[in-house]
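Hi,

Here is the structure I promised to pass on. Have a look at it first, and then read my notes below.

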2 protein chains.
Amino acid sequence: MLNHRITLKARPSAIPGPEHFKQDVMPVRPLEAGELLVETMYISIDPAMRSWISSSSGYTRGVAIGDVMRAGGIGRVLRTQAEDFATGDLVQGRTGWQSHPILRARETQKLDLSLGSIEDWMGPLGTSALTAYFGVRDVGGLKPGETLVVSAAAGGVGQIAAQIGLIDACRVIGIAGGPEKCRFLTQTLGLHGVIDYKAEPDLAAAIRRACPDGMDVYFDNVGGPMLDAALANLRTDARVVLCGRISQTVATEPYGILNLGLQGGKRITMRNFLVFDYHDRYTEARAWLSAQIRGGRLQQQLHVVDGLDNAPLALGMLFRGENTGKLIVRAAA
Amino acid sequence: MLNHRITLKARPSAIPGPEHFKQDVMPVRPLEAGELLVETMYISIDPAMRSWISSSSGYTRGVAIGDVMRAGGIGRVLRTQAEDFATGDLVQGRTGWQSHPILRARETQKLDLSLGSIEDWMGPLGTSALTAYFGVRDVGGLKPGETLVVSAAAGGVGQIAAQIGLIDACRVIGIAGGPEKCRFLTQTLGLHGVIDYKAEPDLAAAIRRACPDGMDVYFDNVGGPMLDAALANLRTDARVVLCGRISQTVATEPYGILNLGLQGGKRITMRNFLVFDYHDRYTEARAWLSAQIRGGRLQQQLHVVDGLDNAPLALGMLFRGENTGKLIVRAAA
């Protein structure tokens with residue numbers, strides 16, 4: 001059996017694309033004890049991937065030149081040398097950008113399809129959704145009646161964060177780029193307001209118009225000047241959730257945050273976090289997310305790119321803001 | 001009776017000085033019910049004063065042109081139209097820069113000299129000390145054995161913050177400017193280490209040498225590039241206490257913070273605060289501070305400038321870093 005692989009060829013200086021990756025085909029080696037051979041079905045495309053392939057990798061070990069690109073995904077077990085896993089099982093794990101990964105069983109999880117469909121496990125039950133769940137509720141401490149502003153609100157994490165705010169009876173304003181994403185946020189998801197940052201010359205003023213009394217929680221996926229504009233509009237006791245900073249991971253010039261004073265209010269709390277720190281609460285979170293999906297209160301638009309070959313293209317789309325919703329690659333039918 | 005007043009004449013663009021103030025003498029008006037006539041003894045000179053006289057005043061209403069400069073101080077009651085206050089009582093209140101303020105009794109507090117001397121009430125029992133107490137313990141959540149770094153460590157708030165760290169069994173590193181302040185911090189106060197920022201071309205590297213494993217709490221009185229250098233040296237779960245940003249209150253060019261990513265660690269919490277929010281816990285804090293003073297574990301170097309006339313000069317000294325310790329003006333013997 002052959003494994004179609006996409007490996008890292010060169011580190012990007014800005015937005016990654018096909019020129020930074022190499023494709024090849026290798027025979028699949030025999031399984032060792034505790035391993036599974038999986039056929040990849042879906043691969044998740046996430047902003048964190050950019051830091052994995054940068055030279056100064058951040059919180060997690062980077063991908064070496066020549067290595068298969070790291071990625072989370074879903075697949076079907078073809079062969080197994082592990083108890084508790086059978087051929088045909090649907091599993092979630094670190095598939096990487098390859099058609100036939102060998103996964104360690106102890107790092108792999110069987111999908112519980114009673115919680116949602118395979119596609120739900122790539123979307124509103126997936127890692128992006130868990131990130132939104134812990135970010136809004138635990139890190140942000142959002143309370144009913146508060147005002148939540150979410151940047152990159154039409155993105156993978158942002159859509160879920162915004163809907164959690166609605167479910168928790170808050171006033172929710174999204175920031176997104178372009179009329180299509182903005183329409184989706186208000187008309188499909190039902191947000192109270194939306195700011196098209198591409199159409200606003202003064203983002204701080206636009207946020208002020210949308211939140212005349214300031215915001216209680218800012219869920220930041222973007223960083224840079226958008227974070228500064230939000231910091232100018234905080235209420236007393238506001239919380240800033242530093243989830244991502246997609247604008248800065250590909251910026252060639254770093255942007256310095258100016259509004260770290262008392263501009264927006266007092267007793268401001270700013271926190272970053274990693275979803276993996278909440279690993280022992282994933283079950284609790286997925287039970288809640290599943291109940292919301294079944295109740296019709298939580299959905300996620302998936303932006304599906306077909307074909308494993310197109311994973312490098314898809315990664316570039318993410319940093320150009322070309323996706324609406326959670327970006328995934330469909331590797332096999 | 002005559003009141004010697006110092007009023008605001010012009011708003012400074014950078015460091016304030018005598019040119020921004022006017023001195024005059026006015027007769028004292030008769031007291032109304034609930035008022036006290038006080039003879040000022042000591043006036044506190046604090047970084048927050050700079051924001052009170054800037055055009056875009058921050059968290060508190062600014063001082064208007066022509067108004068007496070606002071300040072906290074200690075004085076002796078000369079006349080009283082308020083129950084509970086007698087002639088000769090020593091009180092703390094918003095004296096302002098004037099020799100004979102009229103204070104509202106309900107905004108004025110009698111000194112409890114069982115807790116410490118008059119000078120202690122300007123120093124380790126004063127508002128700067130309360131700021132350090134709540135900043136280190138409540139906002140910073142400092143725990144025994146952790147590493148605390150304090151900027152402007154030889155200043156009014158910094159000295160107390162650093163000593164609270166020592167009392168709470170932490171490793172304490174101070175940042176200060178010049179050999180005299182640094183010697184004071186290590187030899188007199190007993191800090192574990194000190195960084196002379198004026199002698200260090202690369203502050204982030206100097207902090208790294210002093211804290212090879214990073215810091216758990218950064219108590220920031222300075223802001224700007226020093227904050228950025230500290231943010232590069234945070235441990236996982238670190239807390240950043242944004243207490244002041246004296247470098248930025250007088251900066252002509254605003255400095256943008258670059259290290260708001262994951263440079264230093266994860267689960268970083270950054271908080272600003274105002275000591276006034278802890279008003280109902282001042283008694284608790286002063287009881288603790290008093291016990292430390294009596295036990296010989298807490299002291300404060302006072303930098304005394306003589307003469308009410310010199311208050312504008314003293315304010316300028318603060319922003320040029322010319323004081324070692326809590327800066328106060330002695331208005332009368």
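Let's start with a question: which residues in H6(B) meet which residues in H7(B)? From H6(B) they are Leu203(B), Ala204(B) and Ile207(B), and from H7(B) they are Pro225(B), Met226(B), Ala229(B) and Ala230(B).

Before going on, some housekeeping. This is a predicted model, where local features need pLDDT of at least 70 and side-chain atom pairs count only at pLDDT 80 or more, while totals for chains, interfaces and linings use all residues. Residues are numbered from 1 along each chain as its sequence is written, and chains are lettered from A and ligands numbered from 1 in the order in which they are written. Helices (H or I, at least four residues) and strands (E, at least two) are DSSP runs, numbered from the N terminus. When I say two residues are in contact, I mean that their C-beta atoms, placed from the backbone, lie within 7 Å.

Back to that helix pair. Helix H6 of chain B covers residues 203-210 and helix H7 of chain B covers residues 224-231; their axes come within 8 Å and cross at roughly 45°. As for the wording, angles under 35 degrees count as roughly parallel, over 145 as roughly antiparallel, 65 to 115 as roughly perpendicular and the rest as oblique. By class, the contact of H6(B) with H7(B) has seven nonpolar, no polar and no charged residues. Here Ala, Val, Leu, Ile, Met, Phe, Trp, Tyr, Cys and Pro count as nonpolar, Asp, Glu, Lys and Arg as charged, and the others, Gly among them, as polar.

Chain A has a helix pair to look at too. H3 (residues 127-139) and H9 (residues 282-294) of chain A pack at an angle of about 95°, with their axes 10 Å apart. H3(A) and H9(A) are therefore roughly perpendicular to each other. In H3(A), Ala129(A), Leu130(A), Tyr133(A) and Phe134(A) meet Tyr282(A), Ala285(A) and Leu289(A) of H9(A). That contact divides into seven nonpolar, no polar and no charged residues.

Now for the sheet. An open sheet of twelve strands, with mixed pairing, has the order S10(A)-S9(A)-S8(A)-S11(A)-S12(A)-S13(A)-S13(B)-S12(B)-S11(B)-S8(B)-S9(B)-S10(B). Its edge strands are S10 (193-196) of chain A and S10 (193-196) of chain B, each pairing on one side only. (Two strands pair if DSSP finds at least two bridges between them.) Strand S9 (residues 171-176) of chain A pairs with S10(A) in the parallel sense over four bridges, and Ala176(A) has Asp196(A) in S10(A) as its bridge partner. Helix H5 (residues 179-188) of chain A lies across S9 and S10 of chain A.

Where do the chains join up in this sheet? S13 (residues 269-272) of chain A and S13(B) run antiparallel and are joined by three bridges, with Arg271(A) opposite Thr269(B). The contact between the chains takes 23 residues from chain B and 23 residues from chain A. On the chain B side, strand S13 (residues 269-272) gives the most, with four residues.

Happy browsing!

Terms used: Axes fitted to C-alpha atoms, helices over the stretch in contact; angles between N-to-C directions.
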